[in-house]
Amino acid sequence: MTHSTLANQFAAYSQWRGGLVDTLCDYRNWLNEQELNDAQIDLRIQHLLDRLRDDKLNVAFVAEFSRGKSELINAIFFADYGQRLLPSSAGRTTMCPTELLYDASRPTSLQLLPIETRISDATTTEYKRYADEWTVFEFDIESSESMVSAFKQVSSTKRVPAEEATRYGLFDPDDPDDAMNLNPDGTVDIPAWRYAIINFPHPLLKQGLVILDTPGLNAIGTEPELTLNMLPNAHAVLFILAADTGVTKSEIDVWRHYISGTRWKQKGRLAVLNKIDGLWDELKNDTEIEREINKQLATSADLLGLHPNQIFPVSAQKGLLAKVNEDAELLGKSRLPELERALSDELIPSKKEIVRDNTQNEIEDLLNNSNILLEARLQGLAEQLEELRGLRGKNEDVVEHMMNKVKVDKENFEKGLQRFQALRSVFSQQTNSLFTYLGMEALKVEVTRTREAMVSSNFTKGIRGAMDAFFVDLKGKLTQSDTQIEEIKNMMDAMYKKFSAEHGLRQVTPPAFSTLRYQKELAKLERAYKEHFDTAFNMLTNEKMTLTTKFFETLASRVIHVYEVANRDVENWLKAVIAPMESQVREHQLQLRRRLESIKRIYKATDTLEDRIAELENMEKSIHGQMKDIKVLRQHIGNALAFDQSAGEVRAA
């Protein structure tokens with residue numbers, strides 16, 4: 001009973017992904033067996049396999065304090081443990097962003113990043129590279145008490161002087177709300193930790209699920225990485241409200257600015273009205289209770305700009321209790337299954353579609369290249385057989401003439417190879433020019449220049465000018481990259497046509513490529529930066545300057561990530577452009593060598609003509625068999641890519 005629709009669908013998704021990995025491995029093994037593989041093809045297949053194996057499904061939970069967020073996570077994912085794993089009680093329990101995942105290379109543990117690291121401008125993503133910066137608590141997965149004890153660390157706080165809290169960007173003495181948190185002795189209670197990572201082998205986490213538990217709406221403003229990186233890139237975001245508090249102004253602001261899609265895509269963003277059990281009243285009948293819940297839904301929907309059926313009413317506490325006690329009636333009353341079904345329907349199909357499309361295009365290109373190579377071999381064999389059959393009944397002079405003709409063909413092709421080498425040289429130069437626009441070193445220099453310009457100006461206008469110039473430079477480089485990409489494609493188009501006309505190689509149209517995807521990502525980041533400065537004053541306070549600096553470091557980190565992805569994708573595109581030409585050139589060269597060798601051996605009477613013809617005919621049959629294999633492989637891969645979400649089952653390949 002505790003296996004939810006979401007868990008079942010995610011298990012089916014993981015099975016589908018695993019089947020796709022197995023099918024790709026079968027394809028690679030077939031290439032090796034048929035001697036059709038090479039280092040470049042193998043590298044592309046390995047990249048696909050690594051991407052599938054490292055695939056993650058990110059679900060973020062966002063809420064103000066005391067909305068039952070941690071309880072909802074417990075109810076959806078961890079009810080099988082028979083008790084609460086994440087701390088959940090009245091008041092604030094999650095003090096820092098907490099990531100739940102499984103990494104087999106690390107011990108089962110809770111990793112905590114000290115709050116003191118906020119003095120540094122480095123992002124939490126950067127700190128993940130340095131294990132010695134984290135405090136680690138290992139726990140026993142066989143003991144629920146051990147896990148619960150460890151997880152309570154995320155609730156830890158510490159008392160520090162107000163000046164220290166200000167340096168961390170966690171206290172503003174000029175903010176009336178912050179002033180209310182000042183203790184009589186001039187100290188402030190702040191989180192002990194900046195970030196937490198819980199690493200343990202829960203079945204869903206082992207399959208690639210990653211859960212992000214945020215520590216309240218205030219953290220969204222003080223930790224820019226949440227707004228620029230984690231929330232936008234989450235495949236699903238659950239925004240939790242509470243029936244006993246209604247929708248507050250801060251919740252409306254966060255929903256509109258960071259979750260609902262004013263900046264980012266809206267798919268996979270769900271609003272949840274928790275704690276509906278507070279509306280259960282033994283003095284009211286079911287109809288009256290339902291009317292009260294619908295009233296709350298209508299009010300909340302109106303404030304968030306949603307339709308009432310887009311908000312999911314639940315009782316996380318009753319849902320968890322029902323799962324632990326296997327109480328089907330209470331589980332139904334909690335309405336938790338309805339939320340799990342909606343989350344599954346939003347999350348799994350869209351994620352699967354992204355993975356499938358990215359994988360399918362790459363596999364299709366690899367299969368097409370294999371087919372092109374086999375067709376070239378078949379054409380070469382057909383030419384050899386035609387030549388050898390034409391020698392039947394001919395004298396030695398005719399054989400010698402044929403041998404000289406093949407020698408001339410070989411010499412002409414070798415001259416063509418010189419042009420190919422020249423093409424390779426120009427291709428390399430064009431590639432180097434392309435990477436001057438997309439180069440990581442040049443980007444890092446621009447980041448440093450912008451950072452220095454920001455630090456030297458305490459005025460919003462100066463900082464805005466530096467940031468505007470930063471994005472103008474980035475957009476200009478991507479535009480120049482598009483121009484260079486078009487030049488490379490046109491050059492390769494012309495070369496494919498030339499080799500096809502002169503040497504009979506199959507004409508291939510190089511795939512198109514555009515930087516539009518990365519331009520859109522940069523446009524999102526630019527909008528985020530402009531929204532950030534819309535709330536700033538003409539003169540920045542020290543606290544706001546600290547936050548702005550952190551914001552820029554996080555934004556720069558995201559820009560670098562976009563460029564890293566662009567570099568990787570461009571490298572794959574360049575391989576896809578040149579690979580068919582290289583394969584066909586190698587194959588044609590090999591076929592000419594074999595033709596010459598065949599006729600030489602017949603001329604020298606090393607082989608009989610009929611024996612050689614029979615040998616080539618057998619090779620021809622073998623290649624026809626390989627081409628049939630590719631059709632079967634294409635069908636198997638197509639089956640592996642198919643996924644029946646409605647049935648929650650994978651169609652077997």
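Student: Which residue in S4 does Gln111 stand opposite?

Tutor: This is a predicted model. Strand S3 covers residues 109-114, and four bridges join S3 to strand S4, residues 135-138, in an antiparallel arrangement. Within that pairing, the residue in S4 opposite Gln111 is Val136.

Student: How many residues of S3 are buried?

Tutor: In a regular strand, side chains alternate between the two faces of the sheet. On one side of S3, Ser109, Gln111 and Leu113 are buried, and on the other so are Leu110, Leu112 and Pro114. Both faces are thus covered, and the count of buried residues in S3 is six of six.

Student: Are H3 and H13 roughly parallel or roughly antiparallel?

Tutor: Helix H3 (residues 69-77) and helix H13 (residues 316-325) pack with their axes 8 Å apart, at an angle of about 30°. Angles under 35 degrees count as roughly parallel. Therefore H3 is, relative to H13, roughly parallel.

Student: How do the residues of the contact of H3 with H13 divide into nonpolar, polar and charged?

Tutor: From H3, the residues Glu71, Leu72, Asn74, Ala75 and Ile76 meet Ala316, Gln317, Gly319, Leu320 and Lys323 of H13. The residues of this contact divide into five nonpolar, three polar and two charged.

Student: Is the crossing of H3 and H13 left-handed or right-handed?

Tutor: The two helices pack at about 30°. The handedness of the H3 and H13 crossing is left-handed.

Methods: Residues are numbered from 1 along each chain as its sequence is written. This is a predicted model: local features need pLDDT of at least 70, side-chain atom pairs count only at pLDDT 80 or more; totals for chains, interfaces and linings use all residues. Side-chain values use heavy atoms; hydrogens and water are left out. Buried means under 20% relative accessible area, exposed over 50%, partly exposed in between (1.4 Å probe, protein chains only). Two strands pair if DSSP finds at least two bridges between them. Axes are lines fitted to C-alpha atoms, for helices over the stretch in contact, and angles run from 0 to 180 degrees between N-to-C directions. Angles under 35 degrees count as roughly parallel, over 145 as roughly antiparallel, 65 to 115 as roughly perpendicular and the rest as oblique. A crossing is left-handed if the near helix is turned anticlockwise from the far one by less than a right angle, and right-handed if clockwise. Contact means heavy atoms within 4.5 Å. Ala, Val, Leu, Ile, Met, Phe, Trp, Tyr, Cys and Pro count as nonpolar, Asp, Glu, Lys and Arg as charged, and the others, Gly among them, as polar.
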